[in-house]
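Dear colleague,

Please find the structure below.

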Amino acid sequence: MDLTLSDEQRLLRESADRFVSETYIADHRRKIASDPLGFSAEIWKQFADLGWLALPISEAHGGLGGGAVEIGILMEAFGRGLVSEPYLSTVVIGASLIAECGTEAQKQALLPKIADGSLILAFAHSERQARFDLAKVATSAKKMPDGWRLDGQKTAVLDGNAAGQIIVSARDDGAKLCLFLMPCGAAGLTSRDFPRLGGGRACNLDLNGVQLPADALLGDGSDALPAIEAVVDRAMAALGAEAVGIMQTLLDQTLEYTKIRKQFGRPLSANQVIRHRLADMAMQCDEARSMALRAALMADAEPVARGRAASGTKAKIGKCARFVAEQSVQLHGAMGVTEELDIGSYFKRLLAFDTLFGGSAHHYRRHAVLGGRAVQA
């Protein structure tokens with residue numbers, strides 16, 4: 001297997017690294033943290049101008065036809081800068097759901113708007129009782145003479161506060177899982193916005209008799225669970241790449257700090273124990289990078305192989321990320337938990353990574369189940 005990046009992929013990596021390093025400085029992140037949107041609308045427009053929003057969208061719908069590897073390259077750069085723009089929710093998840101489930105008319109109407117930056121999407125699927133099980137959805141969709149009525153609750157909707165449209169999962173009268181396009185200001189919708197750990201915002205939604213037109217149904221009404229599982233697996237591959245970017249940045253900053261920080265007249269890096277810990281951090285980063293790349297390469301494989309690759313990646317990187325983050329904070333000493341350095345911000349983002357779409361324990365179990373092994377409750 002040839003894992004060498006193509007010329008186009010190398011150019012994408014170089015341009016993304018350059019843009020992020022020049023734009024996402026500490027002052028910018030502090031400014032964005034107090035923004036009601038949780039990100040910069042101006043930078044989102046720059047993403048569109050650079051072609052990043054169109055990257056995974058097919059050429060027939062105004063995109064560039066990129067794949068999971070290209071998304072991983074971008075997401076790793078985003079991890080280095082702690083980017084908070086709604087790329088995951090809109091492009092990786094939202095655009096993929098429309099491409100997987102939408103009718104041709106819906107694709108033609110929505111995907112070009114995502115590519116040019118005029119439409120931000122959110123995916124409302126998680127529910128409190130589900131415990132990361134994608135099939136457990138209690139939100140109901142009742143067919144009415146003039147459309148649909150939705151009732152239920154959704155939790156941790158990424159970037160739901162800024163979305164123009166929210167893709168909502170619900171079960172129809174036949175208990176089939178369907179997806180609906182809901183405008184953010186729909187009557188009967190109550191949103192409770194909150195900041196996410198490590199940057200960005202999310203919200204909880206209450207749907208009390210939300211009335212939607214008949215054409216709000218995404219696609220032809222067939223069961224959407226296989227598409228949701230495929231898209232979430234791709235999202236976990238993208239999140240893994242983002243975590244790798246964060247981990248590599250923590251390693252680089254820790255290595256630099258131990259070279260200049262002196263104790264008893266010698267740099268910390270001259271201590272053999274410190275070198276061993278830095279070597280362990282580097283090994284964890286390399287393992288995580290390999291797992292993220294494997295998940296990206298398996299993104300279009302058959303469902304069981306794809307699911308095992310995604311869950312294995314999420315579980316392994318979750319453990320690697322916690323180790324690297326904890327070592328980085330410890331090796332920085334008291335400086336690691338102050339706002340003077342960015343270490344704490346990167347640490348928080350990695351903690352948030354471990355909770356999105358299920359933690360390591362959940363995905364170890366899923367990986368075993370998909371492999372046909374019995375798992376104790």
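A residue is called buried when its relative accessible area is under 20%, exposed when over 50%, and partly exposed in between (1.4 Å probe, protein chains only). Helices (H or I, at least four residues) and strands (E, at least two) are DSSP runs, numbered from the N terminus.

This is a predicted model, in which local features need pLDDT of at least 70 and side-chain atom pairs count only at pLDDT 80 or more, while totals for chains, interfaces and linings use all residues. Residues are numbered from 1 along each chain as its sequence is written, and side-chain values use heavy atoms, leaving out hydrogens and water.

In H6, the buried residues are Gln106, Lys107, Leu110, Leu111, Ile114 and Ala115. They line one face of the helix, because they fall within an arc of 135° when H6 is seen down its axis; the arc is that of the directions from the helix axis to the C-beta atoms. Their cover includes H3, H5, strand S1 (121-124) and strand S5 (177-183), where contact means heavy atoms within 4.5 Å. After H6 comes Gly117, with a positive phi near 85°.

Helix H3 (residues 41-50) has Ile43, Trp44, Phe47 and Ala48 as its buried residues. Seen down the axis of H3, these fall within an arc of 155°, so they too line one face. The face turned away from the buried side carries the exposed residues Glu42 and Asp49. Among the elements covering the buried residues of H3 are helix H1 (7-23) and helix H4 (68-81).

Yours sincerely
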